[in-house]
Every structure is written in C-alpha cells, then in structure tokens.
Amino acid sequence: MSLCTLSALEARVLAVLVEKQATVPDSYPLSLNALTMGCNQKTSRDVQMNASEADVLEALDELKAMHLVNTVSGSRVVRFEHNGARGLGVPGAGLAILTLLMLRGPLTTAEIKMHTERLHRFADLSSVEGFLDELAGRSPPFVVKLPRAAGAREPRWAHLLCGEVVVPEGSAAAAGAAALPRDEEIAFLRAEQQRLNGELEALKALVQRIAGELGMNEPSRE
C-alpha cells in the first residue's frame, strides 16, 4: 500500500473498526451508526471529530476500494469489518500500534504499551520498540520517531498513513509531549501494579477453591 492515501476520517474509521473488534466483540462487525459513534467518541481520541453518517459512509467506500474494509452480508443491518492486517501487510502487533497512533496521536513507547493491552499484549517495552523499528524501516515507512520535545526525555512516535506529521500547538499530543517523563512512568507503573494485583487476587481465589475441594483448612494468618 502506498502512503499518503488515507484522510483523517478514513484513518479514524479503520482504527475504530480494529479497536471495537477487540473491546466490544459482541457488537462487531459494526453498523454504520455504531461506527459513527466510535469515530466521534470523546474519550481516547485525539483529535475530536464530529462526522456524520454520510461522511463515514464516504470514508468506508474509499477504504473498501483500498481493500482495508469489507461489508458483511447476511444481516438486516449492513455491517462493516476491517481487513487492516492483510490490507496493510502488517502483523497483528503492528496493526495494534498503528491503530493506537491513529486514535490517540503521537505517543511514547511506554504509552503505546500501556494503551495497547486490549488490542495486543506486548511482553515488555523492548518488544514494542522492535515492532516500531520494523514499521519505521519499511519502504515507505509506516511510522516515524518525532524530535524530542522541550522538557521531555522520551521521544514520541506517529503514524504516516495520512502523510507527514503535523502536531498542532494546542493539541493534546503537543501538550503531552512536554509532560514530565516521571508522570508518564508513574502512570505506567500504576497500570502494571493494578494488573498484577488483579492476577494475584485471581490466584488467591483459585488456591482457596482448590483447598476447599480438598478439604484443607485455610492457612492461619496469625
């Protein structure tokens, strides 16, 4: 696929289809109404959009011509599904990264790992960096590492599916680029702690259930 072919709305439509497949699988493939709502969603989006169903339908037609979206038949309501991985020629991990960048704008490696948990679970930051390097090494490249912003120690990455990257001064991405890296690290560590706490509680419940089935008393906490 050649770059500079997706409009901002086309990129948003494609990314929403990938996102919703992972986050609301029971509603996927998406109807035109659900897809439009996802495009105009106020959370986890930069920039905000106010697209009409007619706008989204026009973007879908363009994406179908590029073999990035398919129409699903056999339903009373027309539904749509993405063909992102095959259409772009990227693995699932790469598509997850591109999806996040299309939805949220430029992000650091740590932010990418933190926010892709529901799309693809990366083992560590080095695995994220590996896929970013792979996407950046394509000809033409799919992503680019942006110059490090003043006051920030970590550079941010952006996708190139809509052409060269321009970060507006007042956008959330531009504001985030100047955030102290420690704030980002703390947010990432808190998310990791919550995930580990959840796994620990699940293991405790499993041990208690097995102990009960075996007729074993719960270990004393004194």
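**Labels and the values behind them**

Author: Glutamate 19 is buried, with a relative accessible area of 12%. Please keep in mind that this is a predicted model.

Reader: Thanks! Why is glutamate 19 called buried?

Author: Buried means under 20% relative accessible area. Glutamate 19 has 12%, so the word buried applies.

Reader: What makes glutamate 19 and arginine 45 a salt bridge?

Author: A salt bridge needs a side-chain nitrogen of Lys or Arg within 4 Å of a carboxyl oxygen of Asp or Glu. For glutamate 19 and arginine 45, the closest N and O atoms are 2.7 Å apart, so the pair qualifies. Glutamate 19 lies in helix H1 (residues 8–23) and arginine 45 in the loop between helix H2 (32–39) and helix H3 (53–65), so the pair ties together parts that are 26 residues apart in sequence. Both residues, glutamate 19 and arginine 45, are buried.

Reader: And how do you know that lysine 20 and glutamate 19 meet in a salt bridge?

Author: The N to O distance between the side chains of lysine 20 and glutamate 19 is 3.7 Å. The cut-off is within 4 Å, so this pair counts too. Lysine 20 is itself buried, since its relative accessible area is 15% and the word stands for values under 20%. Together, Glu19, Lys20 and Arg45 are linked in a network of salt bridges. In general, side chains of opposite charge can pair when their charged atoms come close.

Reader: How many salt bridges does the structure hold?

Author: There are seven salt bridges in the structure. One of them joins the side chains of glutamate 117 and arginine 121, at 2.9 Å from N to O.

Reader: Why is glutamate 117 called partly exposed?

Author: Its relative accessible area is 22%. Buried means under 20% and exposed means over 50%, so a value in between is partly exposed.

Reader: Which residues are in contact with valine 90, leaving aside its neighbours within four places in sequence?

Author: With those neighbours left aside, valine 90 is in contact with Ala85, Leu95, Leu98, Leu135, Arg138 and Phe142. The C-alpha atoms of valine 90 and leucine 135 are separated by 8.3 Å, and the two residues are 45 apart along the chain.

Reader: What makes histidine 67 stand out in its backbone, and is histidine 67 buried or exposed?

Author: Histidine 67 has a positive phi of about 60° although it is not a glycine. Histidine 67 is found in the loop between H3 and E2. At 57% relative accessibility, histidine 67 is exposed, because exposed means over 50%. Serine 44, in the loop between H2 and H3, also has a positive phi, near 60°. Serine 44 has 28% relative accessibility and is partly exposed.

Reader: Which peptide bonds are cis?

Author: Among them are the bond from tyrosine 28 to proline 29, with omega near -5°, and the bond from aspartate 46 to valine 47, with omega near 20°. Proline 29 lies in the loop between H1 and strand E1 (30–31), while valine 47 is in the loop between H2 and H3.

Terms used
Residues numbered from 1 in each chain as written. Predicted model: local features only at pLDDT ≥ 70, side-chain atom pairs only at ≥ 80, totals over all residues. Heavy atoms only, no water. Contact = heavy atoms within 4.5 Å. Buried < 20%, exposed > 50% of the residue type's maximum accessible area, 1.4 Å probe, protein only. Helix = DSSP H or I, 4+ residues; strand = E, 2+ residues; numbered from the N terminus.
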